[in-house]
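Have a look at the model first, then read on.

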Amino acid sequence: MSFILYLINGISLGSVYAIIALGYTMVYGIAKMLNFAHGDVIMIGSYVSFVTFSQMGMNPILSVALSAVICTILGMVIERVAYKPLRKATSPLAVLITAIGVSYLLQNTALLVFGANPVSFTSVVNLSPLKLADGALVISGTTLVTIVLCLIIMACLMLFIKKTKAGQAMLAVSEDKDAAQLMGINVNATIALTFAIGSGLAAIAGVLLCSAYPTLTPYTGAMPGIKAFTAAVFGGIGSIPGALIGGILLGVIEILGRAYISSQLSDAIVFAVLIIVLLVKPSGILGKQIREKV
Amino acid sequence: MKKKVLSLMLVASMAAGLLAGCGSTSASSSSASSSDSAEAEAADGEVFKIGGIGPITGAAAIYGSAVRNAEQIAVDEINAAGGINGYQVALQFEDDEHDAEKSVNAYNTLKDWGMQILAGTVTTTPCIAVTDKTAEDGMFQITPSASSTNVIANDNVFQVCFTDPNQGTASAQYIAEKALGSKIGVIYDSSDVYSSGIYAKFKTEAEAQGLEIVSESAFTADSNTDFSVQLQSAKDAGADLLFLPFYYQQAAIVLKQANDMGYEPTFFGVDGMDGILTLENFDTSLAEGVILLTPFAADATDDLTKSFVAKYEELYGETPNQFAADAYDAIYIIKAAIEAAGVTPDMSVADIGTALKEAITTVTYDGLTGTGMQWEATGEVNKDPKGVVIQNGAYVSID
């Protein structure tokens with residue numbers, strides 16, 4: 001019985017990783033850069049929701065929506081101010097270092113504005129827990145909502161990319177930026193859109209994360225950000241279904257490893273599995289092998 | 001050109017963000033104290049310079065702020081009453097963000113200021129780093145709240161609080177004595193000396209007391225946001241009392257997740273649990289019935305506690321926690337030791353240190369956190385712990 005519970009908790013944690021990993025994987029697929037500030041956008045999103053929902057008493061759905069809008073704008077601003085000017089830089093390291101800089105900027109700004117004391121986050125999900133098998137199996141409302149929401153987001157995103165012009169443009173830019181430009185696709189706008197979607201989703205992931213694990217500090221986004229990046233690499237960076245599979249596997253391995261192997265080694269187990277996967281399949285589970293043309 | 005300007009602006013704004021971050025904390029911590037030191041020096045050429053170090057920002061900020069506030073109250077009281085042996089006292093407090101490296105930097109800053117006695121540091125891990133520095137300099141150090149035995153490895157360091165082993169032992173004895181639970185689950189932080197130190201002694205003593213530990217699981221600093229697995233295994237093992245020897249931020253998550261999964265054992269915490277009621281936006285009904293061992297209860301009715309609590313509430317707008325009480329005592333213990341040793345501010349740091357560490361073992365001190373407190377030469381304190389239970393969002397003494 002507890003195995004089922006661990007599994008569900010793992011899938012729920014993995015769903016959060018998957019939503020965050022989407023931001024990493026889409027940006028990498030299209031702009032070929034690692035946006036290390038992504039984890040901190042999660043934290044900003046959580047604080048927006050904390051202020052509007054917990055402190056001002058706004059409707060929870062409205063508060064999450066507002067937080068997604070603010071993070072979308074934040075993501076676009078970061079892209080426009082910090083990354084776009086460096087897109088033509090000779091070394092790809094320049095933009096990587098800038099991303100780390102933006103990450104620290106966001107963390108320290110949050111420290112100034114919200115202070116360093118942790119705050120307790122009220123869950124935005126107000127569903128009573130699901131009790132199965134005479135109370136032996138209790139699944140919290142947050143867990144259920146997280147899993148369902150993750151699946152909905154994935155489905156919508158896949159549809160968006162398959163069915164809309166903007167989605168097709170994203171695919172084209174990820175294949176070949178220069179050729180896409182020649183075909184009349186606005187590459188800059190497409191990249192900005194990618195950041196917007198990724199950051200909006202980060203806000204939702206942040207709220208779900210803090211609803212399940214209710215302390216919020218300016219450093220809240222750092223560790224989930226790294227885990228989600230791992231999930232993206234695990235599933236094959238650049239691939240959207242890969243982010244889903246990578247995220248959920250990571251969450252399940254983490255929770256099961258903690259339950260059955262050692263509660264202290266859970267992170268080590270996660271990363272050991274990652275190393276093995278990458279040794280066997282260097283591009284990740286669903287990653288494509290791209291042959292370099294000379 | 002445009003790109004250059006933009007990236008320069010970005011760099012500048014990032015630098016400004018970082019600088020603003022550091023600037024505001026150090027300014028706030030030193031502004032209050034520097035005016036005091038100026039005042040004190042004006043009153044008399046010679047002052048005792050006491051330094052304090054602790055986290056005013058960062059995850060453990062609640063402890064450092066409490067210590068800083070209470071040390072300031074004690075120093076102001078002493079100065080208003082004529083100082084120690086006629087000498088005024090100056091206090092300067094530096095932030096260490098609960099980080100060992102920053103704590104050593106703070107110590108060096110205070111030494112530049114002329115610190116003669118250190119009333120700190122607040123948390124264990126940074127304190128261990130700083131004790132090696134004070135031992136090198138022969139400085140007398142008394143920590144209000146760093147509770148590991150590693151803290152007092154050097155003979156110049158003394159504690160106001162219990163050592164971790166004492167807390168672990170006392171917790172097990174208390175649980176057995178009051179028959180609070182028969183099947184015990186433990187969750188502890190294996191990456192933290194404080195938590196694992198208490199746990200180790202608790203386990204030994206629990207076995208000696210005939211308590212059955214049915215479930216024990218650990219977490220680390222990198223996995224301290226999800227306790228569902230640990231709680232589930234405690235629930236499966238049928239634990240009716242859950243011992244939580246770690247800090248209140250994690251305890252808040254444990255209480256929430258236990259509530260989510262419908263698990264209601266008796267929760268038993270140690271002094272790190274202190275602070276949970278003042279966590280912003282925390283639903284205090286979750287903490288209802290939580291028992292913790294702490295040497296200080298703000299609702300105690302003795303005159304010393306009442307006057308301290310009233311003063312603290314008036315100045316800082318919140319009820320002082322145990323850390324504040326420890327810090328207040330620390331300053332008065334320094335005063336008692338100075339009076340017993342008869343040292344003067346013009347002596348060297350090492351001479352003051354040597355004299356005080358002899359003198360403190362002869363002192364018997366009655367304070368907020370215990371009566372008849374006495375010190376071993378090892379640095380350990382002897383006093384009795386008190387149990388408090390959280391009822392209607394406030395601490396209530398059990399005894």
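This is a predicted model: local features need pLDDT of at least 70, side-chain atom pairs count only at pLDDT 80 or more; totals for chains, interfaces and linings use all residues.

Now for a helix pair in chain B. The axes of H5(B), residues 164-178, and H6(B), residues 193-208, come within 7 Å and cross at roughly 40°. Angles from 65 to 115 degrees count as roughly perpendicular and those under 35 as roughly parallel, so H5(B) and H6(B) are oblique to each other. Their crossing is right-handed. Among the residues making the contact are Ala172(B) of H5(B) and Phe202(B) of H6(B). By type, the contact's residues come out as 8 nonpolar, 6 polar and 3 charged.

Next up is a strand of chain B, S10(B), which covers residues 291-294. Ile291(B) and Leu293(B) point one way from it, Leu292(B) and Thr294(B) point the other way, and all are buried.

| Partner strand | Direction | Bridges |
|---|---|---|
| S9(B), residues 266-269 | parallel | 2 bridges |
| S14(B), residues 386-391 | antiparallel | 4 bridges |

Over in S14(B), Gly387(B) is the bridge partner of Leu293(B).

Finally, how do the two chains meet? 39 residues of chain A are in contact with 41 residues of chain B. On chain A's side, H4(A) gives the most, with 7 residues. That side divides into 21 nonpolar, 16 polar and 2 charged residues.

Conventions. Residues are numbered from 1 along each chain as its sequence is written. Chains are lettered from A and ligands numbered from 1 in the order in which they are written. Axes are lines fitted to C-alpha atoms, for helices over the stretch in contact, and angles run from 0 to 180 degrees between N-to-C directions. Angles under 35 degrees count as roughly parallel, over 145 as roughly antiparallel, 65 to 115 as roughly perpendicular and the rest as oblique. A crossing is left-handed if the near helix is turned anticlockwise from the far one by less than a right angle, and right-handed if clockwise. Two residues are in contact if their C-beta atoms, placed from the backbone, lie within 7 Å. Ala, Val, Leu, Ile, Met, Phe, Trp, Tyr, Cys and Pro count as nonpolar, Asp, Glu, Lys and Arg as charged, and the others, Gly among them, as polar. A residue is buried if 20 or more other C-beta atoms lie within 10 Å of its own, exposed if 12 or fewer, and partly exposed in between; C-beta atoms are placed from the backbone. Two strands pair if DSSP finds at least two bridges between them.
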